[in-house]
Amino acid sequence: MTEEEATPKEEAAAEEAPKEEAPAEAEAEAISEAEALRQRFLISAAPHLKSWYSTSKIMYLVVAALLFPTAAAVYFFGFYALTVCAVAIVSAVATEWAVKKIRGRPFIMDGSAVLTGLLLALVLPPTLPLWMVAIGSVFSIAIVKEAFGGLGFNIFNPALGGRAFLMACWLAETTTWVAPMGFSWDAVTTATPLGLSFVPPPDTGMLYGNLFLGNIGGSLGETSVLAILIGGGILLAVGIISWHIPVTYIGTVALLTFIWPGQDPLFHVMAGGVMLGAFFMATDYVTSPITIKGKIIFGIGCGLVTVIVRILGGMPEGVCFSILLMNALTPLIDRYTMTKPLGLKSLKKASSEG
Amino acid sequence: MDIRLKLTGARRGAKVPESKITAASPIEPLPLPEKVIIPMQQHIGAENAPLASRGAEVLTGQKIGESEKFISAPVHATLSGEISGGSVVINPPTGELTKTLAITSDGADKWVELAKAKDPKSLSVKKIIEMVKEAGIVGMGGAAFPTHVKLQPPKDKKIDSVILNGCECEPFVTADHRIMLEYGEQVLSGLNIIRKALAPQNVYIGIEDNKEDAIEHLEELISKSDFARDFKIVPLKSKYPTGAEKTLIEVILGREVPIGGLPMDVGVVVQNVGTAKAIHDTIFEGKPLVERVVTVTGAVKQPKNLLVRIGTPLRNLIEYCGGMEEGANEIILGGPMMGIAHFDLDFPVTKGTSCVLVRESVPVKEQECISCGRCLQVCPMRLMPTLLTKYAKTGRYDACEEAYVNNCVECGSCAYACPARIPIVQYIKVAKKELVKRKATK
């Protein structure tokens, strides 16, 4: 509904012109039929048809797909998941409204702030103090998104920018993980699978099972591979995202850890944030390359950095920073992967022949 | 050999709703209007000078506008009667103003003596081209480029293939579809004349597969005819913009028309089915281009396909179709993807008017680009519409040129697919105009 709010420039222009010309007495009969027609008919630019997809529909569809990981988060982390998601979304939308007000721009409820808030919540630990969650949301929207010009102009993924900011401020709190507890306030601290102190269960089958279903410590939305696959699958099926980034990202992680001595590819793909990152973060339109070639480079780069940080770096997880790093490279990738227009080949051939 | 040629492979373009509601409506002749308005320029090229002045008596088919220039096409009176005045209107294909002559009918519709070819079978190429030019025939798919120019390529361009364009990929429009069904013989005969003029090795007829009845009908006519046996019908997957000249050449022949080039640079000439019929009517009946088939559709009470005298005001067409529906607020000349909106009901049907689409338009608000890349996915010319828009918005027209803005065919697929509702084509048109202006001042 938002994208079709009527502020037609053409209509306004068409209506103003005859009014100015009308005589001061302004008898109704004096307005000729031609002028009446000019008021009656719109002049809009071709094409006069528009596809079903609009910005807000796309945003809300992504939010809808994210409801699967969110539902898994609520199932495993109960009240904590609900409060973190609610606080993140409400403060994101409120910040967007306030910043637009300050900037003197219209606030459009296009769903992008809701999406940023929810995404941020899903990459945070369940027991993070709620005031920190709110600060993360404010930073995501006010600094990472709006300070760069708002939707469409931001360089970095707002949710991941917010998470990186929170980690920089409160490292201990943002890396304290709890075991799934359902609807209970009794949180027991645990290590994530990628942490050094993680004690794997004796049975690897059980480890894979827990990772797949999400019955394991970690960020709210990252734990359940199953829920992410359902949500991501929906986005692929309705054409919101293309396969290029998720497949190359996950594929690169799997391949690298497969050839890296002593690493388990299946574990690396399912543990931590690779799945959520590959389907929901790296595919963010604004901050990822626009061409197919660029998307493939982007996905491979994300996978590369993730694995290097995980195995060689000082931090247990590298998804967030890998995507932020590749976000920074996106304009460069776009520049070097421009499409070759139809007819360029034959033009070059003709000029080389003389 | 099989008449149908099979093609495989995916290609770019937008899946637009077809909305061909008049596909089954036979062509009805519109009752002759009391008055017609003949613009002196209805084509791309030089404007004609009027040959008659106010008060003069003219006959139907009499030439009333002509130009010395090569790229031009004369215009003819489409009613008999008196020249009753003139004014100025916009020529849809170019957007420039052009003079008009109005003819008030004497009600008799007296024709000039029609000079048909004495022996159409053995006409010389020169004579064909002369007759086509005299008849004022232009590309009737909408671009309205003078046909005689396309029939005489420069000597160094060898034409090996002619493609008859029966795609009609624009939603709503069914004029070409009905022409193929009801005037199939004339279309094939016109195509045969085109073949005589250009002497290509191959003749293709490209039709979208949503017009299976037209494909079958032409197939049957070809198998029965004595001259058209080697015409190949190519059924094409319905996807906008198949009927765009360069796209059609790429799809059928796999050839890329060079940037800034013409189809003849890759040995191809494309002609529309309506044009082929007009060529037949000229050669075999001596008729100049005075009428055409127009689809009147959308928010009118009874959508129809009409045979209309050129110059008939839009008002007559819409009234004959029962008038507009409640809430209709936009009139588009042409299809919804490339058509031009018009507000004046006295505006005349011109040679390039394939459709009058009446619709209820809801104005949309442009939002910021979110770099989703849908415009890249659909662009048949493999351009980067989002990039061109960004450059054009900031006045960087040189950057637009470097990104091949002039390769854009303005099909509108990008703006159709854009979720941020950015009028991409409009920005591109502005960039092109600015570049032309800069070149002119240099």
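Residues are numbered from 1 along each chain as its sequence is written, while chains are lettered from A and ligands numbered from 1 in the order in which they are written. Because the model is predicted, local features need pLDDT of at least 70 and side-chain atom pairs count only at pLDDT 80 or more, whereas totals for chains, interfaces and linings use all residues.

The secondary structure of chain A comes to 15 helices and 2 strands; helices (H or I, at least four residues) and strands (E, at least two) are DSSP runs, numbered from the N terminus. Of the 354 residues in chain A, 45% are buried. A residue is buried if 20 or more other C-beta atoms lie within 10 Å of its own, exposed if 12 or fewer, and partly exposed in between, with C-beta atoms placed from the backbone. Two residues are in contact if their C-beta atoms, placed in that way, lie within 7 Å. Among contacts in chain A between residues at least 6 apart in sequence, 73% join residues at least 24 apart.

One helix pair in chain A is α9 (residues 225-237) and α12 (residues 274-281), which pack at an angle of about 15° with their axes 10 Å apart. Axes are lines fitted to C-alpha atoms, for helices over the stretch in contact, and angles run from 0 to 180 degrees between N-to-C directions. α9(A) and α12(A) are therefore roughly parallel to each other; angles under 35 degrees count as roughly parallel, over 145 as roughly antiparallel, 65 to 115 as roughly perpendicular and the rest as oblique. Their crossing is left-handed, a term used if the near helix is turned anticlockwise from the far one by less than a right angle, with right-handed used if clockwise. From α9(A) the contact takes Val225(A), Ile228(A), Gly231(A), Gly232(A) and Leu235(A), and from α12(A) it takes Met275(A), Leu276(A) and Phe279(A). By class, this contact has 6 nonpolar, 2 polar and no charged residues. Ala, Val, Leu, Ile, Met, Phe, Trp, Tyr, Cys and Pro count as nonpolar, Asp, Glu, Lys and Arg as charged, and the others, Gly among them, as polar.

Where the chains meet, 45 residues of chain A are in contact with 54 residues of chain B. On the chain A side, α1 (9-21), α2 (33-40), α3 (55-103) and α15 (344-352) each supply at least two residues. α15(A) gives the most to that side, with 5 residues. The chain A residues that touch chain B divide into 23 nonpolar, 12 polar and 10 charged.

In soluble globular proteins, nonpolar side chains tend to be buried together. The largest nonpolar core here has 129 residues, and those with the most contacts inside it are Val294(B), Leu317(B), Val356(B) and Leu388(B). Such a core is a set of buried Ala, Val, Leu, Ile, Met, Phe, Trp, Tyr and Cys residues joined through C-beta atoms within 7 Å. α4(B) gives the most to this core, with 7 residues. A second, separate core of 76 residues includes Val93(A), Leu122(A), Leu220(A) and Ile333(A).

Helix α4(B) (residues 184-198) also packs against helix α5(B) (residues 212-224) at an angle of about 60°, with their axes 10 Å apart. The two are therefore oblique to each other, and their crossing is right-handed. Gly184(B), Glu185(B) and Leu188(B) in α4(B) meet His217(B), Leu218(B), Leu221(B) and Ile222(B) in α5(B). The axes of α1(B) (residues 125-134) and α4(B) come within 9 Å and cross at roughly 125°. That makes α1(B) oblique to α4(B), and this crossing is left-handed. Here Val125(B), Ile128(B) and Ile129(B) of α1(B) make the contact with Ile193(B), Lys196(B) and Ala197(B) of α4(B).

Helix α6(B) (residues 245-253) is mostly covered, with 8 of its 9 residues buried. These buried residues pack against β10 (161-166), β11 (202-208), β12 (231-236) and β13 (268-272) of chain B. After α6(B) comes Gly254(B), whose phi is positive, near 70°.
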